[in-house]
Amino acid sequence: MRFLKGHGTENDFVILPDLDDGLDVSAALVAKICDRRAGIGADGVLRVARTKQHAEVAQHAEVAEWFMDYRNADGSVAEMCGNGVRVFARYLLDAGLVEGTEFVLATRGGPRRVRSEPNGDITVDMGRPSVLGESTASVSGHEYPGLRVDMGNPHLACAIGDPVVQVDLSHQPGFDTGVFPAGVNIELFNPVGVSRVVMRVYERGSGETRSCGTGAVATAVAAAHLSGDTTGTWTVEVTGGTLTVILDEDTSYLSGPAVILASGELMLAE
Ligand SMILES: N[C@@H](CCC[C@H](N)C(=O)O)C(=O)O
């Protein structure tokens, strides 16, 4: 099985080109691939599939030839992955599977338009964030109130008084399972200047990661909300680099680097 490895601000992925739709990618195989000792190691897997072959996204085949079949490191399926879309787009561009610098790809969360920028960054139109109210995350005995934001996938973005670098995110934070029956991605952030935040994230299905694109947009929405805003350009400093988020009236954009760093032949089997 051919694979590539890539990352976006160190949110890292194994890419499985499955252009003929022949791969049986079970949850167990994904978990093995993502294992950082016994596998290649990654926060998730991006299977490159044809949109028209998949009933769950086939309605977008007219606008998006390629479907990002995203799986978390534990093998669970998620609707969207912002950094995954950017790395997936980088792969499609490098492999010559798309024409031009702007195109649409399919995700379970809906079609997403991407643009390759002159400086090499990839920008994604992430759609309009849905603000769903408030909830609370608990970490090491602290209760952190936050904003529920749906980005196609669920987020709880919490501004905290403690420096985020000091928080222990080695375990799953507590959350209200009545509010988030399918689990949630939890962002903790500190506002650090004008339209600038430092963020850490504990991802559903992957644990703490060094970046999360949907989480960066959710965090920008929550940070803007604190100052009574819904629009603006935000710099989100994550552990693995820096992302830019633009919030406008109708949609949101995520920009940053996306890199393919290796390719090879995978010998793992279930
Ligand atoms: N890292 C991603 C989000 C991946 C999915 C998430 N763990 C979930 O289960 O919803 C991103 O960059 O958005």
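Does threonine 9 count as buried or exposed, and how many C-beta neighbours lie inside 10 Å? Threonine 9 counts as buried, because 25 C-beta neighbours lie inside 10 Å. The cut-offs are 20 or more other C-beta atoms within 10 Å for buried, 12 or fewer for exposed and partly exposed in between, with C-beta atoms placed from the backbone.

## Basis

This is a predicted model, in which local features need pLDDT of at least 70, side-chain atom pairs count only at pLDDT 80 or more, and totals for chains, interfaces and linings use all residues. Residues are numbered from 1 along each chain as its sequence is written.

## Two domains

The domain assignment gives domain 1 (2-127 + 257-265) and domain 2 (130-250). Such bounds come from an automatic or database domain assignment. The C-alpha centres of domain 1 and domain 2 are 23 Å apart.

At the interface, 23 residues of domain 1 are in contact with 19 residues of domain 2. Contact requires C-beta atoms, placed from the backbone, within 7 Å. On the side of domain 1 that touches domain 2, α2 gives the most, with three residues. That side of domain 1 divides into six nonpolar, twelve polar and five charged residues. Nonpolar covers Ala, Val, Leu, Ile, Met, Phe, Trp, Tyr, Cys and Pro; charged covers Asp, Glu, Lys and Arg; the others, Gly among them, count as polar.

## Helices α2 and α3

Two packed helices are described by the angle between their axes and the distance between the axes. The axes of α2 (residues 82-94) and α3 (residues 213-226) come within 4 Å and cross at roughly 130°. Axes are lines fitted to C-alpha atoms, for helices over the stretch in contact, and angles run from 0 to 180 degrees between N-to-C directions. α2 and α3 are therefore oblique to each other. Angles under 35 degrees count as roughly parallel, over 145 as roughly antiparallel, 65 to 115 as roughly perpendicular and the rest as oblique.

Gly82, Asn83 and Arg86 of α2 make the contact with Gly213, Thr214, Ala216 and Val217 of α3. These residues divide into two nonpolar, four polar and one charged. Helices (H or I, at least four residues) and strands (E, at least two) are DSSP runs, numbered from the N terminus.

## Helix α1

Leu29, Val30, Ile33 and Cys34 are buried in α1 (residues 27-34). They cover an arc of only 130° around the axis, so they sit on the same side of α1. The arc is that of the directions from the helix axis to the C-beta atoms. The buried residues of α1 pack against β2 (11-17), β3 (44-50) and β4 (66-72).

## Loop residues

Threonine 9 lies in the loop between β1 (2-8) and β2. Its phi is positive, about 45°, although threonine 9 is not a glycine. Serine 140 also has a positive phi, near 45°. Serine 140 lies in the loop between β8 (130-139) and β9 (142-150). Serine 140 is exposed, with 12 other C-beta atoms within 10 Å.

Serine 206 lies in the loop between β12 and β13 (207-209). Serine 206 is buried, with 22 other C-beta atoms within 10 Å. Leaving aside neighbours within four places in sequence, serine 206 is in contact with Asp43, Gly44, Asn72, Ala73 and Asp74. The C-alpha atoms of serine 206 and aspartate 74 are separated by 6.3 Å, at 132 residues apart along the chain.

## Valine 201

Valine 201 lies in strand β12 (residues 196-203). Valine 201 counts as buried, with 28 C-beta neighbours inside 10 Å. Beyond four places in sequence, its contacts include Asn185, Ile186, Glu187 and Cys212.

Definitions and conventions:
Two residues are in contact if their C-beta atoms, placed from the backbone, lie within 7 Å.
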